[in-house]
Amino acid sequence: MTHLVAEAPGIRTARRRYATVCALLWLPPGLGMASMVLLFSERGMSLAAVAGLFAAHSLTVAALELPTGGLSDILGRRPVLAMAGVLNLVAALLAGLGTTAWVLTAGMVLMGVARALASGTAEAWYVDTVQEVAGPDAELRTGLARGGSATSAALAVGLLLGGALPWLLGVGPDLGAGLREATSGAVPPLAVPVLLGAAVRVVFVFYVLAALREPPRPPATLRSVLRGVPVTVLGGLRLGGRDALVRRVILSAAAAGSALAVIELLIPGRTVALTGATGSGALVYAVLACAGFVCAGVGSHLAPFAARAVAGSGERAVLVSLGAGASGLLLLGVTASAVHPVATTLAVVGFCLIYLGLGAAGPNENELLHRRVSSEGRATALSVQSLAQQLVGALAGLAAGALRPGPLPWLLTSAVLLSGALLWIRRDGERAPQASVPESGAPA
């Protein structure tokens, strides 16, 4: 045991490596965010076909979220993250170079598999490593906050760079036309951000294999994996049912998912209505989305301060942060029908407040979650949390799309997020023992 502690990375090293992995993991999606839809359209895909491609990605993530979390708990964090990086590399090449519907569909499905594999795995590695060094009562919030800040920063930088690269290739000597001609049309300017993301994936895989060391696990066979993953998944689901605090974390994540889904659905239309043109509206939305990621990063960075100095505890910090996000949605609701500089300013403030609040809530929620689960079920618990966020977000998006545009969708979503905040008014009086998911050979 002493040997393992001596060889494990120090807490500061673990924080730095975790933040680096988060940045490398999320920079490629940021790069492709601004150009991928336009790239698919340039490849001849209709808007309905593009929606189908993204639906294939989302359904793949939802279907594999829990099994891949169990796989991470059985096989280990490093091999699963490396596998996710390799699949993401192949997916980016297919999406960037593919010209037919089946190739693009294969790319989006592989991207969904990789997203499910990576979901919560790096965070589980960080918590395992810190607790291996400093024990189960180690301080986790600071590292989780830095990981959240690194994720938001990577998305913001990727979004700006991915949106600017195709434009930069078209100015001056028109390098984009030369690139298209040199590759016989295989690499248009819109494909460059996606392919640059593929190069980042190579760096990600090598960094994971070199830097993310973890304690040895029992050797896994195909039989043990096939038996262990379903048991681990079932244990993760039961944990959410029997532990009140874990249940509150999951429900809060679901409320946050509804807020994010409604923002992504309704804000682009508001920016187009504000500017009066699709092109300028898309540019304003890109800048606004970048500002949102920056605010989320700032919120994550301030999460430990919010828990210590502002609210006095992690539970109260979640209450305050989600309440701030609900206030931002309320501002977007009351300004939904107004076209005035003051209303626009209040809407921007509300938009930034949502991301600031959600960014500050995340590390505090997850710090509480990790104190209730053991290493054997940590990635599975994070997958349950992510699945709740995605499923409720999808339902909220469908509901908001069915409502008449105006204040009502925003006000209803504000009420949902406020409900998630109110869950944290009553604190648990007892400190439940650390819950664990059954071992792979044990009955559920």
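Me: Which helix holds Val 298, and what makes a run count as a helix?
Reply: Val 298 lies in helix 13. Helices are DSSP runs of H or I with at least four residues, strands are runs of E with at least two, and both are numbered from the N terminus. The model is predicted, so local features need pLDDT of at least 70, side-chain atom pairs count only at pLDDT 80 or more, and totals for chains, interfaces and linings use all residues. Residues are numbered from 1 along each chain as its sequence is written, and side-chain values use heavy atoms, without hydrogens and water.

Me: Why is Val 298 called partly exposed?
Reply: Its relative accessible area is 39%. Buried means under 20%, exposed over 50%, and partly exposed in between (1.4 Å probe, protein chains only). Val 298 is therefore partly exposed.

Me: Why is Cys 295 called buried?
Reply: Cys 295 has a relative accessible area of 17%, which is under the limit for buried, so the term applies.

Me: What makes residues 18-40 a "transmembrane region"?
Reply: The name comes from an unreviewed UniProt entry; such annotations may be inferred rather than shown by experiment, feature names are shortened, and positions follow the numbering used here. In the model, this span is 91% helix and 0% strand, with its end C-alpha atoms 33 Å apart.
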